[in-house]
Amino acid sequence: MYAAAPATGAAQPESHPPPLRGFQAAGDVRSGQLQLSSVCTRCSPLMRGVSRRHAMSPGTHPPACPATPSPVMTCSMDSVSRGAVQEGARPGPEVGLRMPRALRGGQAEPGPRCGALRQRESRVPAEGQSRCPDSAPALAALGDVGGGWAALGFVTVLGFASRFYRLPQPPHVCWDETHFGKMGSYYINRTFFFDVHPPLGKMLIGLAGYLSGYDGTFPFQKPGDRYEQHNYIGMRGFCAFLGSCLVPFVYLTVLELSKSLPAALLSAFILIFDTGCITLSQYILLDPILMFFIMAAVLSMVKYNSCADRPFSLPWWFWLSLTGVNLAGAMGVKFVGLFVVILVGLNTISDLWDLLGDLSLSLIMFGKHLLARVLCLILLPLSLYMALFAVHFAILNKSGPGDGFYSSAFQSRLIGNNLHNVSIPEHLAYGSVITMKNLRMAGGYLHSHWHLYPEGVGARQQQVTAYLHKDLNNLWIIKKYDSNTDHLDPSCTVEFVRHGDIIRLEHKETSRNLHSHQHEAPLTRKHFQVTGYGINGTGDSNDFWRIEVVGRKSGKLIKVLRSQIRLTHVATGCLLGSSGKTLPKWGWEQVEVTCTPYLKENPSSLWNIEDHINPKLPNISLDVLKPSFTEILLESHMVMIRGNSGLKPKENEVTSKPWHWPINYQGLRFSGINETDYRVYLLGNPVVWWLNLVTIGVYFLMTTSTAVAMKRGVQQMTEHRELFQVLLQGGGQIMLGWLLHYLPFFMMGRVLYFHHYFPAMLFSSMLTGITWDTLLKFCTGHLLSSTMAWKVYTCGVLTLVLLIVYSFYLFHPLSYGMVGPMASDPNSPMAGLRWLESWEF
Amino acid sequence: MSHPPPRAGKEGGLPAQAPAGQVQRRAPLCPAPCGRPGPAQSWPRGQRRAGRRMPVLGALKRPVLLRAEINVSLVALAVAAVASRLWGLAGPRAVVFDEVYYGQFVSLYVKRIFFVDDSGPPLGHALLALGGYLGGFDGNFLWNRIGAEYTMNVPVWSLRLLPAVAGALCVPLAYQILVELRFSHCAALGAALLILLENSLITQSRLMLLESILIFFILLAVLSYLKFCNSQKRSPFSATWWFWLLLTGVACSCAVGVKYMGLFTYVLLLVIAGIHFWHLIGDQALSKVSVLCHLLARGLALVVIPVAMYLSFFYLHLTLLYRSGPHDQIMTSAFQASLEGGLARITQGQPLEIAYGSQITLRNVLGKPMPCWLHSHKNTYPIRYENGRGSSHQQQVTCYPFKDVNNWWIVKDPGTQQLVVSNPPRPIRHGHIVQLVHGITTRYLNTHDVAAPLSPHAQEVSCYIDYNISMPAQNLWRVEIVNRESDADVWKTILSEVRFVHVNTSAMLKLSGVALPDWGYRQLEVVGEKLSKGYHQSMLWNVEEHRYGKSQEQKEREVELHSPTQIDISKNLSFMAKFTELQWKILTLKNEDTEHKYSSSPLAWITMDTNIVYWLHPASGAQIHLIGNMLIWTSANAATLAYLCLFLWYLLRRRRRICDVPEDVWWAWVFAGGLCVGGWAANYLPFFLMEKTLFLYHYLPALTFQILLIPVVLQHLNDHFCRSQLSKHMFQALIVAWFSSVYLTYRTFSPLTYGEPPLSPAELRALRWKESWDILIRKH
C-alpha cells in the first residue's frame, strides 16, 4: 500500500483540475435535469411533452409520436440518424453526444433494430478513454503512467509472497494431493491411469515434479502420509506460482475494464488477502492451474477487446491468439473450462455483431474478421487440445490401474497389457474359444462358475455373471445351435460366424450352455434370468442366441475386438446384458448378468470379443486393429464424461450445495482433525466473501436503476455516463463470467465441493472492485464539492482495503496452519472467530 | 373514422377480424409487441377518445343494437374437433396405458384417501377425479394391469370426457391464436386443421391422461396473453384488458397445476411479458405513475395470482383428502397424525411434552431409503466382520422399518435411577442431557470409538453390555431440538425434530441408510457421525409414539410397552406446514426402477423414431398407439428449420441495412416466431437436462407450438416469396395438395388412434413406416 501512496500523491496535483472542470460542466446539466424531473413528477402528459421538448435540443422530434411513415422509410431513417450520430459523436462535445441519445429515446428504443445503438455505445467510451486524462478523475490517469506499473509490481510481489509463505508446510499429503500428486507420478512413470478430468493439469504437475527432481516413487496413498525425503516442493511451488499469477491478472483485467487504479487495486487486494485463494494455491491441485488459464483467457480477451480500434495489428493478433491458447489450457485442465469458452464465445459473437453493423466495413473485411476469430478461437484451441491428448497418450504407454475402464481395442495400445502385441485370429469362426467383454464402463467379462443360483432366486441353475478380472471361467466356445460337433477337429472345414447366425455359447470349464428363460433376474426384477444349463453342451431351445453386429448387414463376418455384438435370445427376444449391479455374497460380489426385454441400444447390452483362440485360423497381429487417434480421443472423452456423471452423491450423505458457496457456509478440511494436528482449513476470508456477496446485490440494483433511467430518457452528466458505461460493459462482462461459472452447478447431478466455486469467486472479486469504485465515485460526485468528494472517495477505498487486510490478519491461520485447541475451545486463538456454526476449525 | 366502434358483437371475439382477413394485412397494423407504439396506435386511440367525449345522452341518440356475428368456420372446426375427440369415447372398455397410473389416484380421490404423487401437482388428478365424481364412480376398481376390462361401476365415458373436451378446445384456441397474431383467416384455419388432424394429440385426448388438459391450459394462457397484448394498444386498464391479463395468470397457474411441464410455458410468457414491459418503460408518453401501475398490474396477475392459485390447488387437495392411506409412511409423523385413521388413531391423546421417564419410539426424519424407527434387540454385533475388522460385540442398534415393541425407548435422567415419570412430570428441554434406555432389554444407548459395521469412518452405536473388556459406558446424550423457537423449548411429541449429540465424543446419532448383512437381519445401520457436516435430516429424530411410564418393575413395564397408548390431545398442522412438506416430498421423491419398455430419449422425438403401444385388444389385432401424423411432424420440423434460416438471413441482412420485408411484417415475423419456436424450444430442450424416464408424450406440448408455426411460415412464403400471381396460385395449389395428404395420413393411421377397426397383419405391416416403430402383430 505504501508503495502506491506516493505515486498517488505525486500524480494528484497535475491531474487535479480536470475533475473540477468536469464538475462545473456537469453543474449546468444537472440543473437542466433537475428542472426536467421536477416538472415531470406532477404535470399532465401534455405539459410534459412541452417541457421535454424544451429540455432537449431544438429540432428533435417529440418522442410521444413515433409515426414511422412506411417501413422503407424506417430503414433509411435509421441510416440517416446513424449518420447524424457519427458526425455528432466524432467532435465529442456534450451537446453533440446528447442529441442522438434524445433522438433515440424518441424512437422508443428500437432494441436490436438496426444496431447503431450498440455500435455507438461501444465506440464512444473508447474515444473517451483515449482522451481520459482531461476528464476522468485523477487516479484513473495513473493507469497510463508509471504509477500503474509500480502498483502492478507491488501487488505481484504481495501475491507471490502470500502464496509462497510457508509453502512446505505441512510436509505431508493434504486432501486431494493424494490424487493429483499420484497422477503426476503416473506421468513420470508413464503408467496409464483413468481420471475424470482432461490431462493437461496433471501433465503440468508431472512436468514440474520431473524438472524439480521428483522421481515419481512416492505412493501418495492417503492424506497425512509424510513426504520424508521426497521432493514435493517443486510441484507445490509450481501450483503456487500459477496461483500467484492470478493477482496481476486480476489487477490488469480490472484496470483495463474500468480504467481506474483504485478499482484494480481493490480487486487485487481482495485476491491477495483471501485465505481461500491462498490455501487453494498452496497445494498440488488442479484448481490453481485451472484458475490460471481461466484468468489468463479473460485477461487476453479484455486486452484484445481494447485493441479493437487497431484490428490486425500485432498486439491484436497476439492477444487474440493468446486467448485461444488459454482457452485450450482451461479446457485441458478441467471441463469447467467450458464456461470460460462460452464467455469468450459470447463476447466474440457480440463483437462480430457490432462489426457487421458497421456499414463502413466492407463484407470482405468482415469476412477477414470472422476468419481471424475462427482461426484463433476455434481452430487453434481445438488443435492444441488434441495435441494435448496426443502427448498424453504418447507419454502413458504402459499398462496401469486405468486399463479396465477402457475397451479392449484401447487396451491393446498399452505395453504390459495382455492385449498388447498379441496376435489372434481376426474373424470369429465356429469352435473358437472366446472371452466377451461388456461395453459399459468397467463392464466385465461374461463369466460362469460351478455355483448355482441360491434357493428362491429364479431357477436353481448355474450362475452367469460379469467378472472384472481375467480368468479361465471367462472362456466360452461358440457352437452351432443344432449340432454338437467339435469344430476344432482337423477334418472339419473352418466355418466363420456371420452376422445374424443363430449360435450356442458353451462354457468351456463346465460345459453348460448360456441359457435364459422367463424367470425374473436376481436383482433387476423386470429382466430375465441368465443361467448355465444343460450337460456337456446338450440343452434345450432356450440356449439359442442370435449374434448380431451393430450397424451391419446380414452375412458379414464378425471381427474380434472391433465388432460390437448383440446377443438376442431366440425364444424370448430379449438381449443379453449386464445391469451393472453387484450380486450379494452368493454371487461372489460379481456383477449381475440379465436378459433385458427392452430392446435398447446401450452399452450395457453390447459386447465385444476380446480373446479368441482358434488353432485352425492364422493369427494376425493386433497392430492392424489398433484404434486411430480420433477413436481413442473419442473413447477417452466418453469414459471421462461417464465417469463424471457417475460421481453421484449417495443417499444420506451430507454434500456441499451450490447455495452454500457464496455465503462461505462451510469449508473443506485440508489437513488435520484433532487438536494436536497441524490443521489447514479451506475457507474464504469471510469479510471478503460477504463483501463480494453484498456487491452482487448492489451491482444488480445499480445496473437496473441505471438501465431503467436510461430507458426513460433521463439526462445524465457525461461523467456519470462514463461511469455507467464501465459498470454496464466492463461490469457486465465480469457479471456474465460469474453467472457462467456459478449457475451451471445448480443443474449438475454429480457430487460438488466447495472449491468448485473459486473460479466464480475470482469474477466476483473483480466485480467488487469495479462496483465499489463506481459507487463511491458516483456518490461522492453527487453529494459533495470536488475536493471533499476526492477525499471521501479516497477514504472509502482505503477503508475497504484496511478492512480486508485486517480480516486477513484475523483469519490467516486458516491457510498458514494452526496447531492447538479447536476454535470451539475458548482457549484457542481462533475462539472468537467461529462466526458460523458450520465452520469446523 | 369510418370504422364502426367495437360493440357488443365484438365480445364474441372472433368474427370482427375474420372477414377482414384480406384487408387486414394491408391496413397499417402493428403486429409489433405491445408497448411499442406502432402506427396502429394512433387511430383506435383517437377513435376511443372521440367516443368518450360524447355526452352521456349521446348513447341514447343511437338505437341499441345487438349484432351477432358467428364465424361459421370456427364453429364448424369446433364441432369437428369435438366429434373427432369424443367419437366412441367409451371404447375400449379396458385400462389403456397410463390410465392404470392415474386411475388409482382417481379412486383414492373418490375415496378421499391421502396420497403423494411425485409426477406432478394435484390439480390434474383432481380434474380427472371430478370426471369420476360426476359419473358416479365409487372408486372400487383395482388398477393393476394395462388391458384389464373395466367393471360396470367404472364410468369410463365420463372419466375420459374432460381430457377429450380439453383436447377438442385446443382446435379453436389454435385458430384464435393465429388470428391474434394478426395472421390471415386462412392461416388460422390451417393451424386449427393441423391440430385437428394430429393423431397423437387425438390419442392423448381420448384417454384418461393429463397432457391434453395441460396443452389446453398452455394454449389458453398464450391466447389470453395475446388478447391482452392487443388490447394494451387499444385500451389499457379497460375491463377486457384486465380480463385477459388475469386469465393469462390463471391459465398459467392451471397449466403448472396440472403438470410441472406447464412451468416452461409460464416462464416463456413471463419473459415475453418482461420484454414488452421493457418497451413500455421506454415509452415516454406514459407517466412514471402509469408505468408503475402497469408493473403492479402485471405483477399481480402474472405472479401473485398464479402463486395463490397454486396454493389453493394444494389447499383443495389437502382438504379433500383427509383419510390416511398407502403413502402415509413417507410423510413425517406430524403430517400423518393430521390425517384421519392411521397414525392418528395411535397417537391420539398422547402426552405432548417428553419428560424424564417417558416411553417413546423415535422415527428418523429423513425417511430414506425407507421410514424407520430406532431399534435394538438382544443380538450383538459379530466379534469380527467379514473383512476382518473387529466390533465391540455389544448389543445391536439399528433402524427398523416396521412397528415393533423393540422400538420403544425410555428417556432417563442420568442423575437418578428412576424409570417412571415423576409427578408432576419434569419436561426435557433443549440442551438437557439424557440417557436412552431400551425398553425390553433395559440396556443404555451407547457409542464409542469403534468403527461402525458398514460405515467405518463413523462410530458404532450399540446398547452397552459390560463384558469386562475395558470399554467404559459412554451413554450420555445431549438433546438438541433443531426446530426450536427458543433455547428453552420443551421436547414435544411428533412436532420436535431432535438431534442426539454424544457428550463424550460429540458424535451425532445418524441413520446411514445402508442395510446390514444377515447378522443384522437386513435392518438399517445406525451410526455416530463424528464429522458433523452441518444439518442433515438423517441425523434428526422425532418422537412418534409416547406415553408416560408408570411401572417400576421390568415385567410390568414390558406389559406396559405392549399395550397401546391412551390419552387424548389433537395435533393440527397449519396448511402452510403441510403444503411445504408435501411440496418438498413431491419434488424429492424418486422412483427407483425407472426403466420402461417404451421410454425414449428426447432426440428420438423430433423425428418420431419411437411410438408407444397404449393398448392391444386381447383377441383381435385392434390396438391403440401413441403415434403422430408423420406428415405433420415432418412439416413442422421443416417449418422450424425454414423459420430459423429465414430469420437469421433477415437478421444479418438488416444489420447491413438491407430490408427485405417491411418493418411491420418483420416484427410480426419475429413475434410469431418468438412465440412458436420459443414455445417449442422451451417445452422441448429442458428434457435434455432431465434424468427421469421420458416418453414420447412429453413432446406433445412442444409439438403443438411447432404445429402453430407451419401456417405462419406458409403465409410468409406465400406473401413475400411468390411475387407473381401465377406463383401464388401454384403455391396455394401445393398447399391444398399438402393438406389433402395430411388428411390421408390421418385417415391411414386413425385405426391405431381410435383402436378401431381391427387391422389385419398385412395392414399393420403396411403401417410400419419406420423400422423403429413397434407395431404389434399377432402370430396365429
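How are helices α20(A) and α23(A) oriented to each other? In this predicted model, helix α20 (residues 686-711) of chain A packs against helix α23 (residues 786-811) of chain A at an angle of about 140 degrees, and the two axes lie 8 Å apart. Because an angle counts as roughly antiparallel when over 145 degrees, α20(A) and α23(A) are classed as oblique to each other. On the side of α20(A), the contact is made by A:Pro686, A:Val687, A:Val688 and A:Leu691, which meet A:Leu800, A:Leu803, A:Ile804, A:Ser807 and A:Phe811 of α23(A). The contact between α20(A) and α23(A) comprises 8 nonpolar residues and 1 polar residue, with no charged residues.

Cysteine pairing was examined next. Over all chains, the count of disulfides comes to 2. A disulfide is a covalent bond between the sulfur atoms of two cysteines. In chain A, the sulfur atoms of A:Cys574 and A:Cys595 are 1.9 Å apart, and the two residues form a disulfide. The torsion about its S-S bond is about 95 degrees, so the disulfide of A:Cys574 and A:Cys595 is right-handed. A:Cys574 is placed in the loop between β10 (565-569) and β11 (575-582) of chain A, whereas A:Cys595 belongs to strand β12 (residues 591-596) of chain A; the pair therefore ties together parts that are 21 residues apart in sequence. Both A:Cys574 and A:Cys595 are buried.

In chain B, a disulfide is formed by B:Cys372 and B:Cys399, with a distance of 2.1 Å between their sulfur atoms. Here the S-S torsion is about 95 degrees, so the disulfide of B:Cys372 and B:Cys399 is right-handed. The pair links the loop between β1 (358-364) and β2 (373-380) of chain B, where B:Cys372 lies, to strand β3 (residues 395-400) of chain B, which holds B:Cys399; it thus ties together parts that are 27 residues apart in sequence. B:Cys372 and B:Cys399 are both buried. By contrast, A:Cys307 takes part in no disulfide, and the nearest cysteine sulfur, that of A:Cys376, is 13 Å away. A:Cys307 has a relative accessibility of 4% and so counts as buried. B:Cys229 is likewise buried, its relative accessible area being 2%.

Chain B contains 24 helices and 14 strands. Of its 780 residues, 56% are buried. Among contacts in chain B between residues at least 6 apart in sequence, 75% join residues at least 24 apart. An unreviewed UniProt entry lists "domain: MIR" for residues 351-414, 425-482 and 486-546 of chain B. Residues 351-414 of chain B are 0% helix and 41% strand, with 22 Å between the end C-alpha atoms.

Several backbone features occur in loops. The peptide bond from A:Gln169 to A:Pro170 is cis, with omega near -15 degrees, and A:Pro170 lies in the loop between α8 (146-164) and α9 (177-189) of chain A. In chain B, B:Glu756 and B:Pro757 are joined by a cis peptide bond with omega of about -15 degrees; B:Pro757 is situated in the loop between α23 (725-754) and α24 (761-767) of chain B. B:Thr442, a residue other than glycine, has a positive phi near 55 degrees. This residue, B:Thr442, is located in the loop between β5 (433-438) and β6 (445-451) of chain B and, at 30% relative accessibility, counts as partly exposed. B:Ser506, also not a glycine, has a positive phi of about 55 degrees. B:Ser506 falls in the loop between β9 (498-502) and β10 (508-515) of chain B and is partly exposed, with a relative accessible area of 43%.

Definitions and conventions: Residues are numbered from 1 along each chain as its sequence is written. Chains are lettered from A and ligands numbered from 1 in the order in which they are written. This is a predicted model: local features need pLDDT of at least 70, side-chain atom pairs count only at pLDDT 80 or more; totals for chains, interfaces and linings use all residues. Side-chain values use heavy atoms; hydrogens and water are left out. Axes are lines fitted to C-alpha atoms, for helices over the stretch in contact, and angles run from 0 to 180 degrees between N-to-C directions. Helices (H or I, at least four residues) and strands (E, at least two) are DSSP runs, numbered from the N terminus. Angles under 35 degrees count as roughly parallel, over 145 as roughly antiparallel, 65 to 115 as roughly perpendicular and the rest as oblique. Contact means heavy atoms within 4.5 Å. Ala, Val, Leu, Ile, Met, Phe, Trp, Tyr, Cys and Pro count as nonpolar, Asp, Glu, Lys and Arg as charged, and the others, Gly among them, as polar. A disulfide is a pair of cysteine sulfur atoms within 2.5 Å. Buried means under 20% relative accessible area, exposed over 50%, partly exposed in between (1.4 Å probe, protein chains only). UniProt positions are given in the numbering used here, feature names are shortened, and annotations may be inferred rather than shown by experiment.
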